[in-house]
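Work through the following exercises with the sequence and the model side by side, and try each task before reading its solution.

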Amino acid sequence: MTLSRPEQDALWLERLRRDGPPDADNRDLAFADALRPSLELLRNRRYWDAHESLEDLWREAPYPLRLFHYALIKVAVGLLHIERRNLAAARRQLEQAATYLEPFTPAFATLDTGKVLAQVRERLDLLASTDATEFRALNSMEEFVLPDAPAE
């Protein structure tokens with residue numbers, strides 16, 4: 001019996017929550033190097049391009065790294081929807097981003113994922129208290145940063 005992708009994702013997400021992310025991949029320079037261009041696109045607020053770049057990595061990644069890429073894809077798409085003032089879609093994407101990013105905190109693949117997750121949750125709080133005419137989440141976009149992980 002072959003599991004669907006959502007079923008596989010759910011199983012791996014449960015495993016990550018229980019066991020944490022793989023340490024070896026967290027320090028893998030090739031993984032971090034491959035991720036760097038996508039992170040730069042996110043840092044430069046090129047959300048669509050970041051999404052496309054991350055999707056290319058996601059397609060080729062094995063589990064559980066696949067879920068890390070998926071979390072960042074959801075961050076990019078959520079921020080793109082904020083930029084386009086699509087509140088409902090932004091909420092859905094950022095909620096998924098938080099779910100998939102949480103097991104990779106506090107830091108993973110040279111990224112301070114704890115701070116990224118905190119920013120995602122801040123955007124969700126803003127979206128929950130914002131309507132289309134008073135769009136404070138959009139104004140806070142410039143403050144969203146992808147911080148590097150602390151050096152060990």
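Relative accessible area is sorted here into buried (under 20%), exposed (over 50%) and partly exposed in between, computed with a 1.4 Å probe on protein chains only. The model is predicted, so that local features need pLDDT of at least 70 and side-chain atom pairs count only at pLDDT 80 or more, while totals for chains, interfaces and linings use all residues. Residues are numbered from 1 along each chain as its sequence is written, and side-chain values use heavy atoms, with hydrogens and water left out.

**Exercise 1.** Classify the aromatic pair of tryptophan 12 and tyrosine 63, and state which parts of the chain it ties together.

*Solution.* Rings of Phe, Tyr and Trp (its six-membered ring) pair if their centres lie within 6.5 Å, and planes under 30 degrees apart count as stacked, over 60 as edge-to-face and the rest as tilted. The structure holds six such pairs. In the pair of tryptophan 12 and tyrosine 63, the distance is 5.6 Å centre to centre with 5° between the planes, which makes the pair stacked. Because tryptophan 12 lies in helix 1 (residues 5–19) and tyrosine 63 in the loop between helix 4 (47–60) and helix 5 (65–83), the pair ties together parts that are 51 residues apart in sequence; helices are DSSP runs (H or I, at least four residues) numbered from the N terminus. Tryptophan 12 is partly exposed at 23% relative accessible area, whereas tyrosine 63, at 18%, counts as buried.

**Exercise 2.** Find the charged end that sits over the ring of tryptophan 12.

*Solution.* The criterion asks for NZ of Lys or CZ of Arg within 6 Å of the ring centre and within 35 degrees of the ring normal. Arginine 15 places its charged end over the ring of tryptophan 12, 4.2 Å from the centre. Arginine 66 does likewise over tryptophan 58, at 4.3 Å.

**Exercise 3.** Describe the surroundings of threonine 113.

*Solution.* Begin with its location: threonine 113 lies in helix 7, and its relative accessibility of 0% counts as buried. Next, take its polar partner, where a polar contact is a pair of N or O atoms within 3.5 Å, one able to donate a hydrogen and the other to accept it within protein, and residues adjacent in sequence count only if both atoms are side-chain atoms. The side chain of threonine 113 reaches the backbone oxygen of phenylalanine 104 at 2.6 Å. Finally, leaving aside neighbours within four places in sequence, its contacts (heavy atoms within 4.5 Å) include Phe68, Leu101 and Pro106.

How values were computed: Helices (H or I, at least four residues) and strands (E, at least two) are DSSP runs, numbered from the N terminus.
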